[in-house]
Amino acid sequence: MKGYKRLSFPFLLVLLCCSVLAGCSNNSGAVKVKIGEVTRSVFYAPEYVALSQGFFKDEGLDVELQTIPGGDKTMTALLSGAIDVALVGSETSIYVYQQGADDPVINFAQLTQRDGTFLFARTPDSHFTWDKVKGSTFLGQRQGGMPQMAGAFTLLNKGIDAGKDLTLIQNIDFANIAGAFASGTGDYVQLFEPQASIFESEGRGQVVASFGVESGYLPYTVFMSKESYIHKNQATVQKFTNAIQRAQLWVKAHSPEEIAEAVMPYFDNIDRTIVVSAISRYKEQDTYAVNPVIEEKEWNNLLDVIDNAGELKERIPAGTIVDNSFAQQAESSIKE
C-alpha cells in the first residue's frame, strides 16, 4: 500500500497535466488553411467579412491570408503547395487544365459574379458614350487576365476593336497601372475599386462606365484548390465553403457602411469614406455573389469571354474543373 501511495501522486499529476494539455489541444485544434488572394481589394469584401466576423473560426478553421499579386504568381503558389486555396480569376484554372496538368485545379466556391473593373476617364464626362473611346490611349490590364479579357469583350460588344480603334497599353504590371495613369499615361484606364474612388476623390477624373455590368454575369473570382487537396480534405473544404456562404449572406443583408466597418482592418491605409464608396458601387451592380455556386450559364459566358481573347484552346465543360457539391451543400444548409 505504501508503494502504491508513493506512486499515486506523481501519476495523478501526470494525468492532470495530460488533461490540461488535451484541453488546450481541443481549444487550439483548428485546421490551418492558407489562402493566397491575387490582390487586396474591396472587390473581395465577403472574404474579409468571413475573417472579421469569425465565420471561418466558427467552422473550426484557422485561416492565414496572404496577398500574392498576379494570377500567374498566385497559381504558382497553389501548384507548389505554398498555399492551400487560391482566390483568383477562374480563367487560371482553365489555363492549368489546358496545359495538361496531372493534378488539375478545381473551382469550388464563387466569390464574385461580375468583373470588378471600371472605365475611368481622365476628363470627367457626364455624357459619356462608348464611341468616345475610339482614337484614345487606353491603359488596360495584363493580357490573358480576366480584367483585360472582360474589357476587350465589352469593347467589342460596343463596336470597338481594341487592336485597331485605339492605342492599347497593356505591358504595365498590375501593381503599377494606377501609378502610370496618375503620372499622365492614358486617356482612359481600367481600374478596380477602391482605386477608382481614390482617384475620384483626388480629382484625377471620373468613373464613366462599368465593365462588370457590360460583360454580364460570370464566375469572375473563385476559391480553388488542387484536386488532390480537395480529395484529401473534403471536410475542411466544406467548412471553408460554409463560412463563405455565411459571409455572402451577411454582405447581402448589410449596408455599405456596415460592410466597410467589418472590412476596415484590411484597409487601414484607406479612408473609410472611400471604402464605403467602393462597396456601394459593387453592391449596386450586384457584383458580390449571394451563394458560392458556379452556374453553368455563367461558366459558358466566361468561356465566351476567354474565347474572344484568343486564349481558349477548347470549350471545357463546367463539370470538368468545377465541383459545386460543397457550394450546393452550403447553400442548402445555411439560410438568411
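Mentor: The buried residues of helix H16 pack against strand S4 (105–112), helix H10 (227–232) and helix H11 (234–253), where contact means heavy atoms within 4.5 Å. Helices (H or I, at least four residues) and strands (E, at least two) are DSSP runs, numbered from the N terminus. This is a predicted model, in which local features need pLDDT of at least 70, side-chain atom pairs count only at pLDDT 80 or more, and totals for chains, interfaces and linings use all residues. Residues are numbered from 1 along each chain as its sequence is written, and side-chain values use heavy atoms, with hydrogens and water left out.

Trainee: Which residues of H16 are buried?

Mentor: Within H16 (residues 325–333), they are Phe326, Ala327 and Ala330. Because they cover an arc of only 95° around the axis, they lie on the same side of H16; the arc is that of the directions from the helix axis to the C-beta atoms.

Trainee: Why does Ser93 count as buried?

Mentor: Its relative accessibility is 0%, so Ser93 counts as buried: the term means under 20% relative accessible area, with exposed over 50% and partly exposed in between (1.4 Å probe, protein chains only). Ser93 belongs to helix H5 (residues 91–98).

Trainee: What joins the side chains of Ser93 and Asn107?

Mentor: A polar contact of 2.9 Å does. The term requires a pair of N or O atoms within 3.5 Å; within protein, one must be able to donate a hydrogen and the other to accept it, and residues adjacent in sequence count only if both atoms are side-chain atoms. Ser93 also touches other residues, including Met75, Val105 and Trp299, leaving aside residues up to four places away in sequence.
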